[in-house]
Amino acid sequence: MSTASILDIRELSVEIPTESSTLKAVRGISLDLKRGETLGIVGESGSGKSMTALAIMNLLPPSAKRAAACINFDGNNLAQASERQLARDVRGQRIGMIFQEPMTSLNPVYSIGRQLTETMTLHRDVSAATAEARAVHLLEKVGLPDPASRLKQYPHELSGGQRQRVMIAMALMNEPELLIADEPTTALDVTIQAQILHLLRDLQQELGMSMILITHDLGVVSRAADKIAVMYAGDIVETGNTTEVLKDPRHPYTQGLLECVPGYRNGAAQRLGAIPGIVPAMTGTVQGCAFASRCPRAVDLCRTDVPPREAVSPGRYYVCHDPVTHDTAKPLTVETAAHEGAAGPSQLPKPTVLTVEQVSCTFSVRRGLFGKRKPLKALNEVSLSIEKGEILALVGESGCGKTTLSRTIMGLQSPSGGSVILNGQRIEDLPPLQRARMIQPIFQDPYSSLNPRKTIGDIIGKPLAVHRIGTKAEQRAHTHRMMELVGLPARVFNSYPDQLSGGQRQRAAIGRALIMNPEVVICDEPTSALDVSVQAQILNLLLDLRDELDLTYLFVTHNLSVVEHMADRVAVMYLGEIVECGDRDQVMSDPKHPYTRALMDSALSISPGETVPDLGLSGDFPNPINRPSGCSFHPRCPIAEQQCRDKAPASELIDTTLVKCWKAGVSVGRSGNPSINESNNNMEESAP
Amino acid sequence: MLNYVLRRGFMALLVALTVSFGTFALFHFATDPAQTIAGEDAPQEMVDDIREQYGFDRPVSTQYFNWLGGVLRGDFGESFFWKQPVVELIQEHAGVTVMLALASLSVTILIALPLGISAALRPNTWVDRFALSTAVSAQAVPNFWLGLMLIIVFAVTFPIFPVSGDSTWRHFVLPALVLGASSVPAVMRLTRTGLLDVLSSDYIRTARAKGFIGYRLILQQALRNALLPIVSVLAVQLGYKLGGSVVTESVFSMNGLGRLAVESIFNSDIPTVQSLILIFVLTFVLLTLAADLINAWLDPRIRMG
Amino acid sequence: MMTIREAVSGSSIASVEHSDAEQSTVNLGMSPTRAALMRARKHQGLKIALGILLVMAVFAVFAPWLAPHDPYLQTLSLRMLPPVWVEGGQWEYLLGTDHLGRDYLSRIIYGARISMTIGIGAASIGALIGVTLGLLAGYFGGWLDQAVNFLVTCQLAVPSLLLIMALVFVIGQSITVVIFVIGATHWVFYLVVTRFATLRLRELDFVAAASAMGCSRFQIAVREVLPNLVNQIMVIFTLEVAVAILNEATLSFLGLGIPSPTPSWGLMIAEGKTAMFFQPWLVILPGVSLFILVIAVNLLGDGVRDVTVTNRRN
Amino acid sequence: MKTRYPDRLGRRLTGLFLACVLPLYACADQETDTLVVAFSKPLTTVDRLYSIQREGLILSRLTDDGLFFVDPKTLEFEPLAAASYEWVTDTQLDITLRDDVIFHDGSRLTAEDVVYTFEWVLDEDSDTSRGPVIQRWLDSVETLAPGRVRFNLKLPYPMALRDMAVSIPLRKKGTYEDETADAPLNGIGPYKVVSFSAGREIVLQRFEDYYEGSPKAGPAIEHMKFRVIPDQGTQQAELLSGGIDLMLDVPPDVADNVSHLPNVERLEGNDIRIGYVTLDAAANSDPDTPFKHLKVRQAINHAINREEITRYLVRGSAEVVDFACHPRQFGCDGNGPRYRFDPVKAKQLLAEAGYPNGFSFDLWAYREKIIAEAIVNDLKAVGLDVQLRYVKLNVFSKVRNDKDMEAFFASYGSGGTADASASTGVHFARNSARNYSGDEALADTVLAAERTIDPGERQALYRQALNRIAEQAYWVPMFSYSQNYLLSPELEFPVPKDGVPRFWQASWRQ
């Protein structure tokens, strides 16, 4: 190993005892990080990547047990260091750490200033004024406007993105040599994610830090990391230079992961690769390769013997009996046929199933214990229409009103203005049972969308029971047919949701939505709670079912690669309004609205070697309670002018796309945005 | 903020009125206050005289509003039984109850907080199990029985403390123990779970990542958060102790508000019961309001909304 | 007023939530009921509690056959006999006799009956009131929630023992009255937990899904939400049983509970109190019975909570 | 430790503990010359004119003197603040006052003070608790000469001296108009009130200027303190730990136990109180009540084992009572039927009355729960379904006065008066709330007796009334009470014959 190594981990294991057995969260991994380098650790949930991060400074939960041959940090063995030594010399001093949840990772009862300065005063004998000056300096650096006044603020006064910036500043207070970022952008919206990644990258280069970036997002890691380590079931299955690993994956799991990402294989309209099955729980003794049960290349040897570590070049190795080579590279799934529906717009005019006309929705909310009620305009005169058999993707960041819109469309929320028309009838006028036969939802979180007290059979068959369709036996048969259709084994009929994996639950939720054979299905972020390999399975299933059952989808999502893969048309929402709506290819390749453009730019496709783009967006997503005047996007818009601040634009049709922007006609190149408009920092967005 | 205080104050008033009218009606319909005033062996004529004189023959609502009118002028009426102004009665009895409440609250705090904190710091060890079994036992011991046992042991067999009464600090030791013990389980459990929650929170992990450890981690990072629910529960417990140490005051023959209330119930001494309940309700609401304000001071999220 | 309510019942809510977190590992492949039973089999406190309660319940149910004497039969000439292990005790009266010469053992056995009846009766009434109101307030919200909120504030602000005493004093003493009065004053905990849980469940997608499939609000509240509250209600129920038993004992001790000559442990302590320095068993025996019963019920409650609370991912 | 009680181990052990402990405390009170007595009920006022409680009476005998007093030896009514008296006519009483009587504030007692006191009580607006007692018979009071007053009666009233002795303590003229008085009470008794804290304690101090001619003169103990301790168990504990010197109304069981300890003395004395069960013969509560049948009432009389209850539960000097008065009261010599305990006969009578399977009713009670329970048990034994309604006094009174009870167990102390008018008279008068007989003729007899001065005639009238009550079985007369006192052995305390302690007689043993 090179002498320039700042961190050298050998044989690190973490075990977590549970009621019945011991979970092997990390199984003897070794890592090496050089000064100034960024290592990306990638893996799905349960792969042990976060445990690895926490184990370095021994921040594991109390019950977890850590063992390591050595954790050599710049000559000190952290595996041997006492808790006190770690706290005094390492934590916050030489290694800084950023966590996933900015909303909960800052202490809510202390001011930002205190939390920043104490990091410094705890370790160094400096005056409060010095620490404060450093804090202001860093806050400015991480891009918080008006940093001096921020010191008096409390975490709840900041938005998620701002809090994450504060977290970064806090980690940098003592100029650490190593920064560990554990999923730093997962909880953030895509535009914010790009900003934060950009910031991290800049700071790292400027300060010459090393960084460990932990993420599940291959797109993120491909842009931000020099080296990559792919983790699966507590072990590093493949590691090496980012470009090499992603361009030339050797381990079947790495390859599978890449195939699962929509858009990676250059293909909208192409069926996604998917890794069957689920991550096994690493308890008891592990025989053979942990991936064997899901691996299409697995041979008998894989199930009995632990595969050896095969080095390809220095610092690049994989752990597999039968690695993928260029010759043997083949897709993991059997069928790769392109699906027809989304392949090209059909020539025949199709009837419009669902029309949303000028729908507005206003809530009244009280903020805090002492606050007054204020109106919150969640939807502002939204209009949409969906044709039979079409997939319309509704895209937007959190808080933009897309969930309210989908609830309004389903009739679960009555609009305060406008109307939703389903097959020519106003949805409010439809009796609930009749409405239910026409439109059904699939929800984001398969853990909350299934009643934990009911069996899967009950859940899927419930609509039949509610609508009194058929006899008990017929209902049962119908349910079984539906389970087969959505790919659920018949044996789970009497199981409870708790006993199913996330993917299986989502299949059950799909089954329940489709058992009444509705015309329109509202898919509200159906895959965002799932791991990427499972997401692929579900997306494939949805497309298959659409073809088979002639369904119409309203597909609500924030994930642009999913949009690109699934949608026929795209509607982009911002702050309760549809700012752009049109044909998928048109919108995605030639966005007219500056917000759409920023969204498209912030979608990080897997492109090793490319950097994180600078979006030119200022500020964060505003709170809909304080809706800006004029065009609601103007405070963040890089091309806003006086006109935008004064008057809200109306929708206009450009090409085949409806756009709401004064400047949509002005053609701006996709890259090379104008620089950040500094004067636009007046947008003080607020906490939830 | 002011708006909030006013709203809560209005709520408190509404609650107090509702409750006091309820009690008023209850007693007037079901008992004969005239007989109470006249006494056990009183002749019939006397009872009738009293009935007329006090106006017990008038409609209940009229009587209630007369009383309420008095209260607004600061006149809580005269006790039927004690024949003296209720205000004086309450002044005489309040001291003991306040003393007892504060003493027992101290007992609660002294037992529950250290136990709860040590249990939370070492979950699933013997400390934790000891704390939990203390809580379970304290929850199961009938208050009055504990009082009797303490009297047998510490006042009669080993006469360290007086049996009953309320004249010196020594009189308050046993009652404070009994009353204090009754709130130990609630406060202990809340302290333990509250601190456990805080300690397993993300921001404590952040603090550890910053290098905080040991007492600094607890005092400078966790305590303030863990205090929030404890402040509320202590306020509630103090409220209950100020209003209802009925059992303890009876067992130890202490002349506090709780016993006054019980005797007034037994004597159908309506003005006294009325006023006491009004005061208990107001005290309770004010205490919880105070707790909310303390919490608002501790927690900027509440303060700023 | 939310904070008061949280504070009042906060401890147990918090512990409910807490054990939620402790039980984070799922027994995949087992139904919730079986998993709970599995855990129950390993739960020491629960086993002890069940053992004690089973014995007590058997005595309570079969009291007429198991009690050696009629608990009401007075023999004035044999009054105040000490238990058999004290000098002067007789084998016929194992635990001695009381001031009317009634067999103390028989009275304690019948006392278990009274305590259990009242505990279960009062807790059921409280559950009925609290769960109904909590479900209504939590699920429907609006003015209903406000009204319930006001009711809770009233209930909380009045010292509950005083209220119970006043009610019993005015209505009159009998077992039924005591059950109803204690039940009617102990529903806040159910309400707070039910309302809180309902509010949380209401936001979950399976409720939206049921709504989307055309279920009425009532159907959703009863068929979808209520089954998810059962575990928590069960836990509160056991804890409230213990509270009700203690409340009854306190009431009877103060002379406003179960009327004589019904054997109630609290009443027996009150009756024995005048002689407690010389016939201490008159106070100690019912006190210990009460303590054991209540501790067993509490342990059962804690155990049920540890064992049943469903595992959620978050 | 005394060994003359070959007693049970447990008791001896407890005794041992207590014996070790008691000497530490026992002499403390003698040193400070303070007698500490426990009261079970709180006293609402120290002014006897505004109190009806027995504790008020006890206290008043220390702080107040009336014109007359009840002689503790004979229970006769003798002059106290009065030097002498003379019945001028049946309705005119002249009284000469002592000239050496001094109020606690130092002023001398005059005839004007006496007139003021009685006129104050007579005045309807003064709302004294004593008013109804004398307003019935007293018309006016006038000063004849300095030191002489005349009482004008409305009707011949033999119990006038009793009412003056028991009910009317003398007050300084202008007492109730004077808002500025700071002493709790300005009386003429041998003790003055030092402090009074309602519901907690009353502290007295010997009044050194008390008139020497009084039969009550020269009390031995300087300070007295009355502590309110409602709970019997607590009182016991206080006595055992030396917190109090004397306990009144001690339940017999406690008295038995405690008296076996050294350093505690038990005294037993009479009480003029009797216990009884009233049956709703007038069918007030329900026109169809079984108690309107004489045989049912007789059956109840036969069913209750009064002997056993008296022997085991009331104990001491208590006796079974057969008539509606205390045997020591004047006029209490009925010779009508006496009902012996006979459950078989009781059942038979019930069957004859048409209730072979018994019936169901509530027995109300407010004191001596043990005895009430024992009664219930006896009645259940003859096949009656009895519910015990044990309630507080004010509820009891409300229901009783509404004439809503079928049967109730109660007791009456006759205000310590040894005359049947205070018991039989009170309970069977026409408008008495306690009268459940509905017997007009009986009421007339009682009224006549009350207005008769001649002792022989009165006695005959009361006998007639008592026999009528017994024949009709309106009551089940139960027993006379026995009073138990527990006290520190240092204390010398003469047991009162009428159950009302006179603490001015108490002294320390040397």
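Reader: Among contacts in chain B between residues at least 6 apart in sequence, what share join residues at least 24 apart?

Author: This is a predicted model, and in chain B the share comes to 71%. A contact here needs C-beta atoms within 7 Å.

Reader: How much of chain B counts as buried, and what makes a residue buried?

Author: To be called buried, a residue must have 20 or more other C-beta atoms within 10 Å of its own. In chain B, 58% of the 305 residues count as buried.

Reader: Which chains share the most contacts?

Author: Chains B and C do, out of the five pairs of chains in contact. On that interface, 50 residues of chain B are in contact with 39 residues of chain C. Several helices of chain B each supply at least two residues to the side that touches chain C, including helix 1 (2-30), helix 8 (169-199) and helix 13 (270-298). That side of chain B divides into 34 nonpolar, 13 polar and three charged residues.

Reader: How do you know where chain A and chain D stand with each other?

Author: Their closest C-alpha atoms lie 45 Å apart, and no contact joins chain A and chain D.

Reader: Why is helix 4 of chain A called roughly parallel to helix 7 of chain A?

Author: Helix 4 (residues 112-123) and helix 7 (residues 160-172) of chain A pack at an angle of about 25°, with their axes 8 Å apart. Angles under 35 degrees count as roughly parallel, so helix 4 of chain A is roughly parallel to helix 7 of chain A. The crossing of these two helices of chain A is right-handed.

Reader: Which residues meet there?

Author: From helix 4 of chain A come A:Ile112, A:Gln115, A:Leu116 and A:Thr119, and they meet A:Val166, A:Ala169 and A:Met170 in helix 7 of chain A. By class, that contact has five nonpolar, two polar and no charged residues.

Reader: What are the two domains of chain D, and how far apart are their centres?

Author: Domain 1 of chain D covers 5-242 + 488-508, and domain 2 covers 271-482. Taken over C-alpha atoms, 31 Å separate their centres. Even so, 14 residues of domain 1 of chain D are in contact with 13 residues of domain 2 of chain D. Helix 3 (54-63) and helix 6 (160-167) of chain D each supply at least two residues of the side of domain 1 that touches domain 2. By class, that side of domain 1 of chain D has nine nonpolar, one polar and four charged residues.

Note on methods:
Residues numbered from 1 in each chain as written. Chains lettered and ligands numbered in written order. Predicted model: local features only at pLDDT ≥ 70, side-chain atom pairs only at ≥ 80, totals over all residues. Domains from an automatic or database assignment. Contact = placed C-beta atoms within 7 Å. Helix = DSSP H or I, 4+ residues; strand = E, 2+ residues; numbered from the N terminus. Nonpolar A, V, L, I, M, F, W, Y, C, P; charged D, E, K, R; others polar. Axes fitted to C-alpha atoms, helices over the stretch in contact; angles between N-to-C directions. Parallel < 35°, antiparallel > 145°, perpendicular 65-115°, else oblique. Left-handed = near helix turned anticlockwise from the far one by under 90°. Buried ≥ 20, exposed ≤ 12 C-beta atoms within 10 Å, placed from the backbone.
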